[in-house]
Amino acid sequence: MMNYKINNEFVNLTLNDFLKEYHLGNSQIYKLFLNSAIKVNGQDKTKDYKLQLGDLITIIQQENDITPYNYQLSIIYEDDYLLIIDKPYGYTIHGEFNSCDNMVAAYYLSKGLNIKVRHVHRLDRETTGILIYAKDILTETYFNYHLDKHDFIRLYLAKVQGEVKTAGVIEKNIGKNRHKNNEYIITKNGKYAKTYYQVLSKNKKESLLLVKLETGRTHQIRVHLKSIGHPLINDPIYNPGLGKMYLRSYEFTFVHPFTKKTINIEAKYAK
């Protein structure tokens, strides 16, 4: 179960409006009440109940539904609502037995938490670094909404081929390559995408860039940097080589869904 104590911000809001503050959809709200999965001070209330200072809202958690996979996670940050890990190279987020989701399921169970695993964004298999998990449905929908609106700051480190002379901005539409699975290309019929980059270090063979996304398209950094003649080194799709691709989710700044404090998370630089 997850508990939320009502402060002055939510006094006199209806229970329904409180849930809407965290961007739950009508169907999600309906299911919570249908299944008696939401309580106020331990009791069932209607959606129209007006919240009072100090009320304790309890949401009964969905249980874990995937196979746990034991792995020594590198945890960057954790509280009652969030788990932020340093994603290792070569692992998908979900869909396989040894995915990050399975790893997190094992970690939760080791801590006595039999709760559903909820990643709030994705990283490619070859991308490492900051990966955020929500421990409850309100935190999940809050992050989903604000990530979709690009309200949070996300920075990446990227090692690219060649000497990048100066900082720049790339604004080019990205769409699927209809002729190759899991490949994206620059196309006028694609979705708008915007990427900022600055040079941290460089030589004639390679450059290390700090990259900021204004949009969040699939393979955006990889496709955009290739489009300016500086593909990621050893990118298995866009610039194959013998070593590992280096793209790291390096910094993430967001407003916490419950404390409302701005939190800056930084992953250690890894070569």
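These legends go with several close-up views of one predicted protein model.

This is a predicted model, in which local features need pLDDT of at least 70 and side-chain atom pairs count only at pLDDT 80 or more, while totals for chains, interfaces and linings use all residues. Residues are numbered from 1 along each chain as its sequence is written, and side-chain values use heavy atoms, with hydrogens and water left out.

**View 1. The whole chain, before we zoom in.**
The protein chain has 5 helices and 15 strands. Helices (H or I, at least four residues) and strands (E, at least two) are DSSP runs, numbered from the N terminus. Taken along the principal axes, the C-alpha atoms fill a box of roughly 65 × 35 × 35 Å. Of the 271 residues in the chain, 49% are buried; here buried means under 20% relative accessible area, exposed means over 50%, and partly exposed lies in between (1.4 Å probe, protein chains only). The accessible surface comes to about 14,200 Å², and 47% of it belongs to carbon and sulfur atoms. Such areas come from the Shrake-Rupley method with a 1.4 Å probe, and for residues only the protein chains shown count as cover. Among contacts with a separation of 6 or more, 63% are between residues 24 or more positions apart, where contact means heavy atoms within 4.5 Å.

**View 2. R222 and its partner D124.**
What do the side chains of R222 and D124 form where they meet? They form a salt bridge, at 2.9 Å from N to O. A salt bridge is a side-chain nitrogen of Lys or Arg within 4 Å of a carboxyl oxygen of Asp or Glu. R222 lies in helix α5 (residues 220-227) and D124 in the loop between β6 (118-119) and β7 (128-134), so this pair ties together parts that are 98 residues apart in sequence. R222 is buried, with a relative accessible area of 1%, whereas D124 is partly exposed at 23%.

**View 3. R222 again, now with E126.**
The side chain of R222 also meets that of E126 in a salt bridge, at 3.7 Å from N to O. E126 sits in the loop between β6 and β7 and R222 in helix α5, so the pair links parts 96 residues apart in sequence. E126 counts as buried, at 15% relative accessibility.

**View 4. The pair E163 and K165.**
Here the side chains of E163 and K165 meet in a salt bridge, at 3.5 Å from N to O. Elsewhere, salt bridges that share partners join D124, E126, R222 and D235 into one network. A search of the whole structure finds 9 salt bridges.

**View 5. The largest pocket.**
The largest pocket has a volume of about 1,000 Å³. On a 1 Å grid over the protein atoms alone, a pocket is an open set of points with protein on both sides within 12 Å along at least five of seven lines, and its lining residues have an atom within 4 Å of a point. Grid points are joined across faces, edges and corners, and a volume is the space filled by probe spheres set on the points. Of the 32 lining residues, R122, L123, G216, R217 and T218 lie nearest the centre of this pocket. At least two lining residues come from each of α4 (137-148), β8 (153-161) and α5. The lining divides into 11 nonpolar, 12 polar and 9 charged residues. Ala, Val, Leu, Ile, Met, Phe, Trp, Tyr, Cys and Pro count as nonpolar, Asp, Glu, Lys and Arg as charged, and the others, Gly among them, as polar.

**View 6. The second largest pocket.**
This pocket has a volume of about 240 Å³. It is lined by 13 residues, and K31, L32, Q62, R118 and I137 are the closest to its centre. The elements giving two or more residues to this lining are α2 (26-34) and α4, and α2 gives the most, with 3 residues. The lining divides into 5 nonpolar, 4 polar and 4 charged residues.

S36 is not a glycine, yet has a positive phi of about 50°. S36 lies in the loop between α2 and β2 (38-40) and counts as partly exposed at 30% relative accessibility. N234, also not a glycine, has a positive phi of about 65°. N234 is found in the loop between α5 and β14 (247-255) and is buried, with a relative accessible area of 19%.

Definitions and conventions:
1 Å grid on protein atoms, 1.4 Å probe; cavity = no way out; pocket = protein on both sides within 12 Å on 5 of 7 lines; lining within 4 Å.
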